Amino acid sequence: YMSMGEKNFKEFVAFMSGLKNKEEMARFLRGILTPKEIEELPLRLQITKLLASGVPQRAIAQKLGVGIATVTRGSRELKGGYFKSVKWWKSSRWRD
């Protein structure tokens with residue numbers, strides 16, 4: 001059994017993967033997300049990049065102005081959660 005939320009998420013991912021290019025994706029996201037959501041999603045990527053670069057969790061929280069729980073969640077995912085099978089975060093192109 002798949003919940004409605006999971007079904008909707010899978011549909012969203014399939015839709016996003018079908019977009020033609022970065023510009024089309026950016027236009028779509030700006031159309032459906034609130035300004036706050038547009039701010040928060042890239043922040044999650046910054047947290048992930050900093051964690052993957054070895055920056056301590058508390059330093060990340062302080063630098064980005066987020067709660068330690070938000071950073072800890074990202075750390076947990078990098079160590080074996082949803083990111084376990086995702087190789088992009090290990091790539092040097094994502095690190096500063």
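Start by selecting phenylalanine 12: at 33% relative accessibility, it counts as partly exposed, because that label covers everything between buried (under 20% relative accessible area) and exposed (over 50%), using a 1.4 Å probe and protein chains only. Before you click on, know that this is a predicted model, where local features need pLDDT of at least 70, side-chain atom pairs count only at pLDDT 80 or more, and totals for chains, interfaces and linings use all residues. Residues are numbered from 1 along each chain as its sequence is written, and side-chain values use heavy atoms, with hydrogens and water left out.

**Stop 1: the ring cluster**

Phenylalanine 12 sits in helix α1. Helices here are DSSP runs (H or I, at least four residues), strands are E runs of at least two, and both are numbered from the N terminus. Now show the rings of Phe12, Phe15 and Phe28, which form one aromatic cluster. How many aromatic pairs does the structure hold? There are two. Rings of Phe, Tyr and Trp (its six-membered ring) pair if their centres lie within 6.5 Å; planes under 30 degrees apart count as stacked, over 60 as edge-to-face, and the rest as tilted.

Take phenylalanine 12 and phenylalanine 28: their ring centres are 6.4 Å apart and their planes meet at 35°, so this pair is tilted. It links distant parts of the chain, since phenylalanine 28 belongs to helix α2 (residues 22–32) and phenylalanine 12 to helix α1, 16 residues apart. Phenylalanine 28 has a relative accessible area of 23%, so call it partly exposed.

Next, phenylalanine 15 and phenylalanine 28: here the centres are 4.7 Å apart and the planes are at 50°, so this pair is tilted. With phenylalanine 15 in helix α1 and phenylalanine 28 in helix α2, the pair ties together parts 13 residues apart in sequence. Phenylalanine 15 is partly exposed, at 41% relative accessible area.

**Stop 2: a nonpolar patch**

Switch to a surface view and colour Phe9, Phe12, Val13 and Ile32, which make a nonpolar surface patch of about 350 Å². Patches are made of residues with over 30% relative accessible area and no salt bridge, with like charges joined within 9 Å and nonpolar side chains (Val, Leu, Ile, Met, Phe, Trp, Tyr) within 5 Å. Helix α1 (residues 4–17) gives the most to it, with three residues.

**Stop 3**

Which side chains meet in a salt bridge? Pick lysine 36 and glutamate 40, at 3.9 Å from N to O. A salt bridge is a side-chain nitrogen of Lys or Arg within 4 Å of a carboxyl oxygen of Asp or Glu, and a search of the whole structure finds one. Both residues lie in helix α3, four residues apart, about one turn of the helix. Lysine 36 is partly exposed at 48% relative accessibility, and so is glutamate 40, at 38%.

**Stop 4: the core**

Hide the surface and select Ile47, Leu50, Leu51, Ile60, Ala61, Val66, Val71 and Leu78: these eight residues are the largest nonpolar core. Such a core is a set of buried Ala, Val, Leu, Ile, Met, Phe, Trp, Tyr and Cys residues joined through side-chain atoms within 4.5 Å. Two or more residues each come from α3 (35–52), α4 (57–64) and α5 (68–80), and α3 gives the largest share, three residues.

**Last stop: zoom out**

In cartoon view, the chain has five helices and zero strands. Buried residues make up 18% of its 96 residues.

Terms used. Areas by Shrake-Rupley, 256 points an atom, 1.4 Å probe, with all protein chains shown as cover.
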